[in-house]
Amino acid sequence: DRSILGKTNHDGGKRDVTVLRMRETTGRRMAAEKKRPRIETQGKDAEESKREASDGGTDPTETEEGESETNSEAETEEDGEDRDGDDGVEQDHIDVDIEFYDPKEEDFLGIKSILQLYMDGEPFSLSELADRIIQQKTVGSVVKTGEDGDPIGIISVLNLHKHKKMAFVKEIEAHLRRKCPEKESQQELDKVFNAREVGLIISERLLNCPPSMSAPLQDAIFDEIAWATEDEPTEELRKSFIFQKYLMISRVYQPPGANSAKRSHGSGIGTRKGNDLIFLRPEDEFFFECCSWHKTYPCARVEREGDLQQLRLVMTVPAKKVDGVRSQLHHVFAT
């Protein structure tokens, strides 16, 4: 309910989205703590048994042999729940609360670290990009496990036309033009970098982040984009967040023998595209299904996971398709 969240402070402060983010965090915390009530219940049952034994005049430390065997069997079954079924290896479970925060100056080095491979390892004006993400107070989030922790993820959007004179935009365009030399790709890139209403989605996070984070991350960025079109203090700023399409750069894996040529370019709207690609992030697959153009190209730094080859995926997604992707993510993760 947007009425709960308040409005953007026109002195540069950000709309209070704490309520939304706390709800998301609470949901994740509840999911992570599902096993805790069982542990607490066991402790309470044990205490009640001790009290009953004490009331009956029996030493609570002394149990009948059959009862002891039953308890041992129960403990064995419960321990089995925490083991990997076939190999019997115990699995460690760590509960971590993941929260979203506004980017701050102290996140500068963390943001640079996360984005250092954004251009496939090529050097580019990374500090300038990180500064711009931090300066854009109203739209964008860093993902942390605590306010004082280092970022483990970043999501933001930058208007390409607004920032076209900045070095990092020119370098991203040059990089994509080198990697996508086909005529159709060049024509699409002309449209992307010459239009006024194209947003560059910058979304990177550590590989071991939970997939269920996808839905709240997309909610965070696209809700903030919508709010910015209404709440920014000047008409120019409000218009700068009105997007017709988004440019996204991601990573995927290709299985051996896959034919990348058949999916190197083209729209293919309404068809199942790239079912031979393996996506590292759930949202990328849904965006890929509704993209208007896409291209894959091998990573300069050859990275393989077994027989899988890592590729870069660049795609343009119509803004009108975003709500459908968000709905699919919520359906998949039941949020």
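Start with Arg178: this residue is exposed, with a relative accessible area of 52%, just past the 50% cut-off for that label. Keep in mind that we're working with a predicted model. Arg178 has a salt-bridge partner in Glu122, with the closest N and O atoms 2.7 Å apart. The pair ties together distant parts of the chain: Arg178 belongs to helix α7 (residues 167-179), while Glu122 sits in the loop between α5 and α6 (126-135), 56 residues apart. Glu122 itself is partly exposed, at 21% relative accessibility.

Helix α7 also holds Arg177, which pairs with Asp190 in helix α8 (residues 183-194), 13 residues apart. Here the N to O distance is 2.5 Å. Arg177 comes out as partly exposed at 22%, and so does Asp190 at 33%.

Glu147 and Lys104 form a salt bridge at 3.2 Å, N to O. Glu147 lies between β2 (141-144) and β3 (153-159), and Lys104 between β1 (99-101) and α5 (108-115), with 43 residues separating them. Glu147 is partly exposed at 45% relative accessibility; Lys104 is partly exposed too, at 31%.

| Salt bridge | N to O distance |
|---|---|
| Arg178 and Glu122 | 2.7 Å |
| Arg177 and Asp190 | 2.5 Å |
| Glu147 and Lys104 | 3.2 Å |

How many salt bridges turn up in the whole structure? The search finds 14. Beyond the pairs above, there's a network of salt bridges linking Arg205, Arg281, Glu283 and Asp284.

Notes
Residues numbered from 1 in each chain as written. Predicted model: local features only at pLDDT ≥ 70, side-chain atom pairs only at ≥ 80, totals over all residues. Heavy atoms only, no water. Salt bridge = Lys/Arg side-chain N within 4 Å of Asp/Glu carboxyl O. Helix = DSSP H or I, 4+ residues; strand = E, 2+ residues; numbered from the N terminus. Buried < 20%, exposed > 50% of the residue type's maximum accessible area, 1.4 Å probe, protein only.
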